[in-house]
Amino acid sequence: MNKPEILIIDDEPQIRKLLEINLESNGYIVWQAINGNEGLKMAANHPPELIILDIGLPDKSGHEILKELRTWYNKSIIILSVLNNESDIVSALDNGATDYLTKPFRTGELLARIRAAIKRNQKDENSSIAIFDDLQIDYKARTVSKNNNLIKLTLTEFKLLSLFTKNEGRVLTHHFILKEIWGVGYQLETQYLRVFVGTLRKKIEDNPNKPEHIITESRVGYRFN
Amino acid sequence: MLGKMKLGKSHKYSTFIQCLISAAVVVASAALCSLLFMPLGYKTVALILLMTVSVLAIMLDILPVLLAATLSALIWNFFFIPPVFTFHIDNTEDLLMFLMYFVIALVNAVLMFKIRDAEQKARDKEERENAIKLYNTLLNSLSHEMRTPLATIIGAIDTIKENQNKLSKINNDYLLSEIEIASTRLNRQVENLLNMSRIETGMLKLKKDWCDVNELIFSVIQKFTESGITHKVEFIPNENLPLFKLDEGLMEQVIHNLLDNAIQYTSANSIIKISADLKSEKFEFEISDNGKGFSESEIEHIFEKFYRIPNTKTGGSGLGLSIVKGFVEAHNGNVLVENSKSGGAKFSISIPAETSFIMNLKNE
């Protein structure tokens, strides 16, 4: 298989170098852009498998770059920024970022997120069966089993789990999930979400208090692993 | 007492209202004199009016007092100095007395104003000095808490660079992990400072949302257990707890800081107990340990910025508990510290919060 290509858009040379060393030694090909416009050009000329995007760029805000990229680029974009207030994170995710990591970040964590994001790119959207470790989901038959034992889910629970699993490795914001499952009028009704995530965890997690599939991203949303 | 309380410039009444009060008091006092003290003679009345002006000078601003002085002089002249009901004064002695009355009343008002002004300046100076003292404490503590980890990082990196071939694998790994610990500490310190400045500058805006506190507590505990603590953290969730409307991010910080505090100041293998409950429409959170607890004076200062318990190991920021207090109070809640019956430290948080009991929705 070809080495996956990653485009880094970040104005700090130290961070770019650090990423370059890490990514190249982990089998990726690295392209670098030092500002937003250069990043847009490079992405358009040679679309990479994944883009790592900084928010605080000298020429254009990363939020704008993200929006422009999303008009045509549909592979994963990971935001890597020092901004860690949840409004920045939520708006980046709602504008189509796949994931969000704040600086300073741990390299191991970043590599794991990159692997998950690239796996997402390569997933066959149309396959009716998906497997996640101990979980198996049949979207057509609407069945879920854990360790080969069938689990009984309500319709809403199944819809929620499908949304999570189809967006594996991606952070879904509360608003997004509420809109997708309950509809536009319910975007602020987070208590429904809390309750259903709670009951879903009890059914699919080994220990619902230490969830391994449905991970809480505090103040932002959830991520399915 | 009343006079003392009202000293200073922060009168709650406007100058206009003060002028009205001043005029009313002078008129009332003159009326009282005409009823009671007429037999005593108009000279005694002058003294009583002068006293009234002096009392007003203690309580009111300069303009209303000047008004009182002028008004009382005119009233004295008009109603009391013979011939009464005219501003006309017959003999030289009375004229002299009237002029002296006027001057004394004015001087009285001006002197009192100057005294109060001087007091205000002294108070301002003291406040400024306190601010500078606090600022210095802050700078000292800051530079210490930032430089210690930086010294570790720079030192470790130098050691690795200069002894590349001589360093054993064990020592090399040790230095690397020291760099890791110091950087994490530095990062946390920056985070703490940002939070503290958000509290201090009033930039803290709560973003309340429905919050599963059991989940929140478990996730905080999990982060600590993953980092390899030897302490035993006990938390038995109350499954009947409703959702609480709280700022999840801030509460996470609060619980994190309290647990971190308990871990830092108790020996390895200590037991830390956590509980969460709903009592009279309040979210109640408790964390207690079986360590040494606190002394009276420590309890008094524990939530102060940059307060560190004497003779404890370095590494804390002195901000963790101040942030806890700031975040809890931002929720209109309060935090209490005491020694538990068994002697260890116990922190209790109580926050009034909206609740939602829709835990068992109809399975749609």
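Trainee: Among the contacts in chain A with a separation of 6 or more, what share comes from residues 24 or more positions apart?

Mentor: This is a predicted model, and the count concerns its chain A.

Trainee: Why can chain A be called as compact as a globular protein of its length?

Mentor: Chain A has eight helices and twelve strands. For its 225 residues the globule rule gives 17 Å, and chain A is close to that, so it is as compact as a globular protein of that length. Its C-alpha atoms fill a box of roughly 50 × 40 × 30 Å along the principal axes. The radius of gyration behind the comparison is 18 Å.

Trainee: Which element gives the most residues to the side of domain 1 of chain A that touches domain 2 of chain A?

Mentor: The domain assignment of chain A sets domain 1 at 5–122 and domain 2 at 129–224. Twelve residues of domain 1 and nine of domain 2 make the contact. On the domain 1 side, α4 (86–94), β5 (99–102) and α5 (107–122) of chain A each give two or more residues. With five residues, the element that gives the most is α4(A).

Trainee: In β7(A), which residue is the bridge partner of Ile131(A)?

Mentor: Strands β6 (residues 129–132) and β7 (residues 135–138) of chain A pair in the antiparallel sense over four bridges. They form a hairpin with two residues between them, and Asp133(A) in the turn has a positive phi of about 50°. Across this pairing, the partner of Ile131(A) is Gln136(A).

Trainee: Which strands stand at the edges of the open sheet in chain B?

Mentor: The sheet has three strands in the order β1-β3-β8 (chain B), with antiparallel pairing. Each edge strand has a single partner strand, so one side of it is left without a neighbour in the sheet; the edges are β1 (209–211) and β8 (355–356) of chain B.

Methods. Residues numbered from 1 in each chain as written. Chains lettered and ligands numbered in written order. Predicted model: local features only at pLDDT ≥ 70, side-chain atom pairs only at ≥ 80, totals over all residues. Pairing = 2+ DSSP bridges. Rg over C-alpha atoms; globule rule 2.2 N^0.38 Å. Contact = placed C-beta atoms within 7 Å. Domains from an automatic or database assignment.
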